[in-house]
Amino acid sequence: MSRRTKIMLLVIVPVLVIGSLYLRSLVRWAFFERRQPPDTVARAQLDQAALQASAGPAQTVTLYFPSYAEGKLRGEARPLALATDPPDRVRQIVLALIEGPKQVAGSALSASADVRGVFVTADGTVYLDLSSGAAGDFNPGIESETLAVYSVVDSLAANLPEVKSVQFLVQGQEADTLDGHADLTAPFAPDTSWVESGTGSGQGESPAAPASPGPGLGTSGRS
Amino acid sequence: MGSIQLRASNKTAARDPKSRLGRKTIIAAILAVAAIVWLWPARRVRGDNFVVYLPNARQLLPIQTMDGVRYLPLVKVLNLVGTASVLEEKRGSLKIALGDDRLELHDGNDKLKLNKHDIRLSSPVRVENSQWLVPLDFLDSVLPRLTTESVRYRAGDERLFLGNVNPLTFSARLSAITNGDRLDVQFTSPVNVRTASTNGQWVIFLGDKALMPLEAQMKFQSRYVSGMRFDDQDGVPKLIISPTEANLNFEPSLTDGGKTLQMDITQAATPPTQAAAGAPKTSPPNAAPGAAPSGPAPGGTAANATPQGAAPAAPAPPALPVVVIDAGHGGPDPGGHSSDGVTERDLVAALAARAQAALIATGKVRVVLTRTGSSDPTLDERESVSNAARPVAFLTLHAGDLGGASPAMAIYTYQAPSPPAALVAPRSLFVPWDEAQQAHLTRSRDLAKSLAQQFGHVQNLDVRSPAAAPVRQLRSVDAPAVALELGTLAPRQAAEGLTAAAFEDQLANAIAQAVLALAQGAS
């Protein structure tokens with residue numbers, strides 16, 4: 001091996017090693033360690049706090065999911081340890097709806113939907129601020145949007161007696177519609193006519209036992 | 001020697017009558033061909049004007065109609081939104097710069113390139129007399145991408161609203177009065193009018209405001225007035241009213257703070273007693289222009305009295321009732337879609353067109369569409385169009401996921417998210433915009449039932465029982481209103497069965513029958 005070749009190797013080999021290490025760290029940063037936006041992190045922390053803020057043992061709650069074949073909502077009983085704070089309880093139930101059904105029918109809200117904030121007024125109106133993802137991955141339509149809206153409203157009302165109506169917000173703003181069809185300009189009162197007969201309104205099959213605190217005033221999130 | 005022989009033979013030919021006849025024939029043929037060539041463009045090109053309403057001005061562009069397609073001069077259109085400069089023009093292609101935008105067109109090609117993106121027009125670009133021409137749909141497919149200004153163009157119209165221009169619109173209603181008819185034209189904002197009489201027609205000049213008519217032409221089944229049309233070809237918006245006969249009295253007056261133009265068209269009294277009546281009147285339509293046309297009459301009253309001894313005229317049949325059809329989504333909003341690329345926007349537009357044809361074919365209703373072409377009015381704009389037209393029925397058409405059932409039809413009436421306070425509050429003269437539908441819920445349910453019944457006759461169609469839902473599109477409609485959702489249109493499923501012409505015709509006929517039943521019940 002000539003002297004010249006040795007010098008070349010001494011230069012090239014370290015360059016290759018350093019380059020490959022840099023490339024590896026770049027790949028790791030780009031695909032595995034990219035930081036989430038601060039608001040996403042904050043929301044995740046709020047969701048986590050709400051889910052962990054359980055007051056006691058798991059209770060059976062009834063969640064309503066759409067059955068598009070019938071154009072109705074079907075109830076699904078699920079154990080859930082509800083928090084004491086009303087906004088946290090609302091958040092828990094909506095997150096469970098976003099998580100999707102385990103036994104019945106289809107999803108009400110898109111899996112990419114997020115709860116940005118919850119505000120419960122003294123008269124029992126819930127201001128539910130959803131991320132734009134709630135309408136983003138949605139298959140638009142009158143029936144699908146109506147079922148999505150009443151899935152949330154009826155699930156909250158069935159499990160949380162203090163909830164009298166739900167005003168939807170999207171990205172912190174009042175929205176005209178969810179995705180072009182359902183009228184979101186006013187608060188929604190529960191309407192059990194969308195619930196398929198026989199699946200109960202929550203009290204019938206597996207009594208949902210909303211936590212005792214009455215109509216409360218509270219906030220959660222950033223709305 | 002040869003040349004002498006040739007001259008001799010030419011002289012012989014000149015004297016030959018047969019040869020003279022042949023030369024005349026050739027000259028005549030050449031002249032005929034020249035005449036055809038000269039007249040050909042005039043025969044296939046017809047000149048009209050396209051009106052562009054700008055915030056403080058109006059501009060007229062010449063429309064050239066060629067082979068049934070209406071064209072506008074490209075450079076003049078582009079100059080509306082900037083200063084267009086030709087970069088390169090060679091062998092049937094043109095490159096234009098407009099600010100940062102680059103446009104490339106080819107003669108005879110319906111595809112153009114805007115900033116390297118292909119856009120397809122409804123008809124090919126043409127070059128006529130060195131002038132580049134584009135079809136009218138250029139106005140809604142390309143122009144909005146070249147400017148940040150608002151561009152409002154309704155497909156098929158010959159007017160465009162550019163910039164901060166909020167056009168008025170109007171609806172008309174004909175009703176019988178003693179010895180004549182009353183034509184009420186209600187505008188969405190106050191107008192100033194001036195009347196004139198010309199060529200046997202009454203002309204109402206509507207001042208300097210921009211107008212977008214819902215229906216440019218209306219025909220009436222009346223003994224006194226046969227029709228009314230809107231015209232702004234010269235940049236001056238006006239209504240032209242055609243009476244059925246000469247010697248009718250015409251008394252226009254503005255009411256409702258200038259928002260309603262009331263026109264009484266009555267049989268002239270015999271002998272004429274206009275002087276005694278005192279109220280100013282326009283002359284009969286065939287009077288000399290300028291002889292009597294006047295401004296709006298301040299509510300003439302005595303003129304409407306039935307002349308003594310004259311048999312009272314039979315009441316004029318009212319104008320045809322209006323049905324409003326709203327095809328959901330539109331423009332850049334495709335709505336839902338199927339696995340085979342059918343979009344809700346196109347599916348419901350096709351169904352709306354068929355329903356319109358089926359309704360008009362009955363000869364008993366007029367139809368107003370809230371959107372045509374690739375326009376996408378807001379929900380409030382659609383409701384405004386409907387409320388201005390005062391329809392007997394409003395249908396909004398949608399397509400969506402009905403759980404896989406196909407073909408299926410869901411029918412909805414409006415249900416407010418919460419019980420409205422207005423139901424408890426005492427009724428007022430003014431109806432809150434958000435609660436306009438509340439007063440019509442019973443009739444809306446009747447229409448829904450009637451539609452469900454008619455859809456029941458459509459083969460293989462799974463018809464769901466009418467339901468009440470918080471459909472935003474119905475909320476502010478001041479008429480019986482339903483939403484129809486055709487299914488299933490979902491990304492997991494093909495929609496070929498929904499687009500069959502025979503199937504859509506059946507749906508359209510069912511809609512026509514149900515609406516007609518409601519309209520006849522109302523009348």
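This is a predicted model: local features need pLDDT of at least 70, side-chain atom pairs count only at pLDDT 80 or more; totals for chains, interfaces and linings use all residues.
Colleague: Which stretches of chain B have a pLDDT under 50?

Modeller: Residues 1-14 of chain B are one of them, and the model gives that stretch 2 contacts beyond four places in sequence. Over residues 271-316 of chain B the pLDDT is also below 50, yet that stretch has 72 contacts beyond near neighbours in sequence.

Colleague: On to the two chains. How many residues of chain A and chain B are in contact?

Modeller: 23 residues of chain A touch 29 residues of chain B. The buried area between the chains is about 1,900 Å², with carbon and sulfur atoms giving 52%.

Colleague: Why give an area at all when talking about an interface?

Modeller: Because interface size is often stated as the accessible area that is lost when the parts come together.

Colleague: What makes the pair A:Glu143 and B:Arg464 a salt bridge?

Modeller: The rule asks for a side-chain nitrogen of Lys or Arg within 4 Å of a carboxyl oxygen of Asp or Glu. The closest N and O atoms of A:Glu143 and B:Arg464 are 2.3 Å apart, so the pair falls inside the 4 Å cut-off. The rule finds 2 salt bridges across the interface of chain A and chain B. It also finds 16 residue pairs in polar contact there, both partners at pLDDT 80 or more. On the side of chain A that touches chain B, the residues divide into 11 nonpolar, 7 polar and 5 charged.

Colleague: Which residues are linked in a network of salt bridges?

Modeller: A:Asp176, B:Asp380, B:Glu383 and B:Arg472. Over all chains, the search finds 27 salt bridges.

Colleague: What does the salt bridge of B:Arg182 and B:Asp264 tie together?

Modeller: Their side chains meet at 2.7 Å, N to O. B:Arg182 sits in strand 14 of chain B and B:Asp264 in strand 21, so the pair ties together parts that are 82 residues apart in sequence.

Colleague: And why is B:Asp264 called buried, while B:Arg182 is called partly exposed?

Modeller: Buried means under 20% relative accessible area, and exposed means over 50%. B:Asp264 has 4%, so it counts as buried. B:Arg182 has 23%, which is in between, so it is partly exposed.

Colleague: How about B:Arg354 and B:Glu504: what makes them a salt bridge?

Modeller: Their closest N and O atoms are 2.9 Å apart, so they meet the 4 Å limit. B:Arg354 is in helix 6 and B:Glu504 in helix 9 of chain B, so parts 150 residues apart in sequence are tied together. B:Arg354 is partly exposed at 28%, and B:Glu504 is buried at 4%.

Colleague: Are B:Asp401 and B:Arg492 buried or exposed?

Modeller: B:Asp401 is at 6%, so it counts as buried. B:Arg492 is at 53%, over the 50% mark, so it counts as exposed. Their side chains meet in a salt bridge at 2.9 Å, N to O.

Colleague: Last one: which residues does the cis peptide bond join?

Modeller: B:Gly487 and B:Thr488, with omega about 0°. B:Thr488 is in the loop between strand 28 and helix 9 of chain B.

Note on methods: Residues are numbered from 1 along each chain as its sequence is written. Chains are lettered from A and ligands numbered from 1 in the order in which they are written. Side-chain values use heavy atoms; hydrogens and water are left out. pLDDT is the predictor's confidence in each residue, from 0 to 100. Contact means heavy atoms within 4.5 Å. Buried area is the accessible area (1.4 Å probe) that two parts lose on being put together, summed over both. A polar contact is a pair of N or O atoms within 3.5 Å; within protein, one must be able to donate a hydrogen and the other to accept it, and residues adjacent in sequence count only if both atoms are side-chain atoms. Ala, Val, Leu, Ile, Met, Phe, Trp, Tyr, Cys and Pro count as nonpolar, Asp, Glu, Lys and Arg as charged, and the others, Gly among them, as polar. Helices (H or I, at least four residues) and strands (E, at least two) are DSSP runs, numbered from the N terminus. Buried means under 20% relative accessible area, exposed over 50%, partly exposed in between (1.4 Å probe, protein chains only).
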